[in-house]
Amino acid sequence: MEETDREAVATAVQRVAGMLQRPDQLDKVEQYRRREARKKASVEARLKAAIQSQLDGVRTGLSQLHNALNDVKDIQQSLIDVNKDWRQSINTIENLKDVKDAVVQHSQLAAAVENLKNIFSVPEIVRETQDLIERGELLQAHRKLMDLECSRDNLMYEQYRMDSKNTHDMNLIHTYFGDMQKLSEELAKQLWMVVQRSLVTVRRDPTLLVSVVRIIEREEKIDRRMLDRKKQTGFIPPGRPKKWKEKMFNILERTVSTRIEGTQADTRESDKMWLVRHLEIIRKYVLDDLLVAKTLLDQCFPPHYDIFNKLLNMYHQALSTRMQELAAEDLEANEIVSLLTWVLNTYKSTEMMGNSELSPEVDVNSLNPLISQNVVDQLLSKYMSTLTSNIIGWLRKALETDKKDWIKETEPEADQDGYYQTTLPAIVFQMFEQNLQVAAQINEDLKTKVLLLCLQQMNSFLTRYKDEAQLYKEEHLKNRQYPHCYVQYMIAVINNCQTFKESIISLKRKYLKIEMEDTLSSSHTSMDATLDIIAKEGCSSLLDEVFIDLEPHLNELMTRKWLMGSNAVGTICVTVEDYFNDFAKIKKPYKKTMTMEAHRRVVVEYIRAIMLKRISFKNAEERKEGAERMIKEAEQFRFLFKKLAAGSGEDTEGLCDIIEAIAEVIKLTDPSLLYLEVSTLVSKYPDIRDDHIAALLTVRGDASRDMKQTIIETLDQGPSQPNPNYVPIFKEIAVPTLTVPKLLK
């Protein structure tokens with residue numbers, strides 16, 4: 001209490017201090033005092049009221065406890081009185097045993113009398129019931145059957161009560177009513193026939209189905225009543241419980257399974273599309289049946305039957321079983337795709353379970369998978385394995401077909417821009433496209449896997465394509481007259497490389513996610529490199545064809561015949577231009593590469609002719625004439641290749657400048673300036689070797705051995721600063737170590 005008082009005083013001091021912080025607040029001390037007094041009085045009044053309320057409650061509780069105690073005492077006394085009365089009546093109850101037996105016997109006799117009429121009319125009722133069943137009047141037939149069963153059951157029950165061990169009389173009653181059991185079975189057959197055809201019956205005669213459901217409901221009530229009596233007495237009539245409701249659902253389940261299995265009309269041997277047809281029939285039947293069940297069948301059954309959801313589960317289970325059976329078969333690749341597409345996509349799509357007319361009763365998200373993920377993975381693995389083998393076979397067959405075209409006597413087809421091509425790229429990528437479209441029907445992951453597989457096999461295919469193109473060239477070189485359209489088909493092979501590149505990019509853009517592109521970057525680079533090699537080798541083989549024809553004319557260069565006015569270069573230019581009329585059918589950028597390479601090889605061959613030292617000029621006049629001829633021919637080459645490269649934007653000047661630079665060395669009239677001219681040549685073209693300089697000086701014809709040696713040694717000592725943009729050309733040119741026989745002059 002002291003601590004509480006201290007806390008109260010401290011709180012009061014704090015409040016007063018808060019009120020009297022300024023001098024002007026001292027004037028309001030009396031006002032503050034009155035306000036606090038009012039608050040104190042209010043709190044005290046509330047405390048008094050609360051305490052008074054608690055006291056009233058305690059007083060009321062004590063009063064109620066006192067009354068309850070008195071009631072308990074009264075009840076205790078009443079129980080004592082009842083106990084006394086019960087003990088006094090025991091003897092009286094034992095004396096009434098004979099009366100009890102008489103009551104039981106009277107009850108049995110009364111039941112016998114009551115059912116006596118039915119007992120004598122059993123055969124007649126059986127016949128009437130049989131007629132009603134045959135006429136299809138099932139409700140009336142069941143009513144009579146119920147009357148017969150009721151009579152039999154009551155007689156058996158009374159016999160059981162009188163003497164449960166008397167099996168003879170029980171069997172006698174059972175035998176007398178024996179035909180009734182056959183009626184029950186016959187009626188059940190009729191019911192199950194209606195149940196089996198319930199989806200058809202509900203559209204034609206829904207009242208018949210309603211009658212069947214009412215009969216089943218009656219039997220269910222009788223079953224429950226008999227089971228309850230069994231719990232009390234231990235007696236249950238023969239054939240009970242019938243469990244017709246349970247049998248009805250079993251019949252429906254078997255009917256659904258039979259309906260699903262019976263939709264397979266064809267086999268693989270009779271129809272390659274058997275599975276697609278089978279799955280489509282299933283889809284149509286299941287959707288139609290569920291729509292009928294929702295709109296019509298559901299109205300013929302009591303709500304607690306939940307008939308639609310039960311049928312939905314039956315169909316789902318039957319479909320799951322059927323799909324597992326199909327998955328276990330030895331399916332082909334296209335059949336695996338059809339099955340997985342149906343199971344993973346079609347089943348939950350708007351074409352089937354996701355149909356708007358089935359919602360909201362059917363929630364596709366709550367449906368379990370028809371087949372397990374493990375089975376799906378096994379099917380996908382088998383599909384990928386089969387697809388791999390198929391793609392390899394298809395690619396091999398496509399290449400073999402394309403090779404047959406290469407030896408045809410007619411030119412290959414041209415595209416809309418006039419470029420030669422074969423059908424190989426279109427066939428290959430049409431095959432890829434079809435397989436990717438099929439994979440996309442299943443899921444995104446499989447589509448990516450198939451794309452990776454296609455590109456992987458494409459990589460291997462391009463290696464074979466390269467080898468076949470090389471063999472094509474080698475076979476042609478054995479007999480240049482065969483095949484007749486070698487040049488045109490080699491152009492088509494080169495153009496196919498560009499088509500392959502464009503198709504690969506298009507395929508990736510269409511079917512590959514952006515985040516997956518890094519995965520394929522190395523593979524794509526490898527394919528591009530292989531295609532470039534094929535195209536480059538194709539261009540090289542075409543140029544080989546050109547230079548084989550040019551060889552006689554190239555051999556005339558830098559000879560006496562050439563000096564005397566040979567038209568070898570003119571013939572070379574005409575031949576090259578003629579070939580390039582065909583080469584115009586090559587697509588960019590390979591056409592540009594082709595032109596540049598042809599330009600380079602012509603210049604190389606021209607320079608090689610110089611380095612072969614076929615001619616040695618005798619005097620300054622011959623050197624001047626030869627040099628001017630070289631400059632003129634360089635200009636011819638420049639004009640030719642400028643014409644061939646029109647529109648490509650490539651440099652056609654630099655290579656011919658080499659010929660002109662060499663011509664200047666030959667044309668020089670003052671031998672004392674020869675070193676300066678040669679050094680200028682070496683500075684421009686740093687890959688010139690000593691033997692090149694020696695050969696060039698030999699062609700001039702006026703340089704002594706010592707002069708050659710001096711110039712070469714002096715050049716070796718000088719610094720070399722090559723142009724970073726210069727592409728070496730002299731390294732390709734070998735200089736013969738032996739002098740050329742004078743007969744070539």
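Buried means under 20% relative accessible area, exposed means over 50%, and partly exposed lies in between, computed with a 1.4 Å probe and protein chains only. The model is predicted: local features need pLDDT of at least 70, side-chain atom pairs count only at pLDDT 80 or more, and totals for chains, interfaces and linings use all residues. Residues are numbered from 1 along each chain as its sequence is written, and side-chain values use heavy atoms, with hydrogens and water left out.

**Figure 1. Overview of the chain.** The secondary structure comprises 27 helices and zero strands. Helices (H or I, at least four residues) and strands (E, at least two) are DSSP runs, numbered from the N terminus. Of the 745 residues, 41% count as buried. The accessible surface comes to about 42100 Å², and 53% of this area belongs to carbon and sulfur atoms; accessible areas come from the Shrake-Rupley method with a 1.4 Å probe, and for residues only the protein chains shown count as cover. Among contacts with a separation of 6 or more, 76% are between residues 24 or more positions apart. Contact means heavy atoms within 4.5 Å.

**Figure 2. The aromatic pair W342 and Y347.** The structure holds 16 aromatic pairs. In the pair of W342 and Y347, the ring centres are 6.0 Å apart and the planes are at 35°, so the pair is tilted. Rings of Phe, Tyr and Trp (its six-membered ring) pair if their centres lie within 6.5 Å; planes under 30 degrees apart count as stacked, over 60 as edge-to-face and the rest as tilted. W342 counts as buried because its relative accessibility is 4%. Y347, at 1% relative accessibility, also counts as buried.

**Figure 3. The aromatic pair F461 and Y465.** F461 and Y465 form a stacked pair, 5.9 Å centre to centre with 10° between the planes. Both residues lie in helix α17 (residues 444-478), four residues apart, about one turn of the helix. F461 is buried, with a relative accessible area of 0%, and Y465 counts as buried at 0% relative accessibility. The two residues belong to one aromatic cluster, which is formed by W406, F429, F432, F461, Y465, Y472, Y486 and F500.

**Figure 4. Surroundings of E335.** E335 is found in helix α14 (residues 333-346). With 2% relative accessibility, E335 counts as buried. A polar atom of the E335 side chain lies 2.9 Å from the backbone nitrogen of E332. This distance is within the limit for a polar contact (a pair of N or O atoms within 3.5 Å; within protein, one must be able to donate a hydrogen and the other to accept it, and residues adjacent in sequence count only if both atoms are side-chain atoms). Apart from neighbours within four places in sequence, E335 is in contact with R268, K272, W274, L275 and D330.

**Figure 5. N355 in the loop between α14 and α15.** The loop between α14 and α15 holds N355. N355 is buried, with a relative accessible area of 14%. A polar atom of the N355 side chain lies 2.8 Å from the backbone nitrogen of E357. Not counting residues up to four places away in sequence, N355 touches L287, S349 and T350.

**Figure 6. Two cis peptide bonds.** Most residues other than glycine have a negative phi, and most peptide bonds are trans. The peptide bond from S359 to P360 is cis, with omega near 0°. P360 is found in the loop between α14 and α15 (373-406). The bond from K588 to P589 is cis, with omega near 0°, and P589 is in the loop between α21 (568-583) and α22 (590-611).

Figure 7. K243 is not a glycine, yet its phi is positive, at about 55°. K243 is placed in the loop between α10 (206-233) and α11 (244-261), and it counts as partly exposed at 44% relative accessibility. M558, a residue other than glycine, has a positive phi near 55°. The loop that holds M558 runs between α19 (517-556) and α20 (560-563). M558 counts as buried, at 1% relative accessibility.

**Figure 8. A nonpolar surface patch.** V16, L20, L26 and V29 form this patch, with about 310 Å² of accessible area together. Patches are made of residues with over 30% relative accessible area and no salt bridge; like charges are joined within 9 Å, and nonpolar side chains (Val, Leu, Ile, Met, Phe, Trp, Tyr) within 5 Å. A salt bridge is a side-chain nitrogen of Lys or Arg within 4 Å of a carboxyl oxygen of Asp or Glu. V29 lies in helix α2 (residues 29-95) and is partly exposed, with a relative accessible area of 38%.
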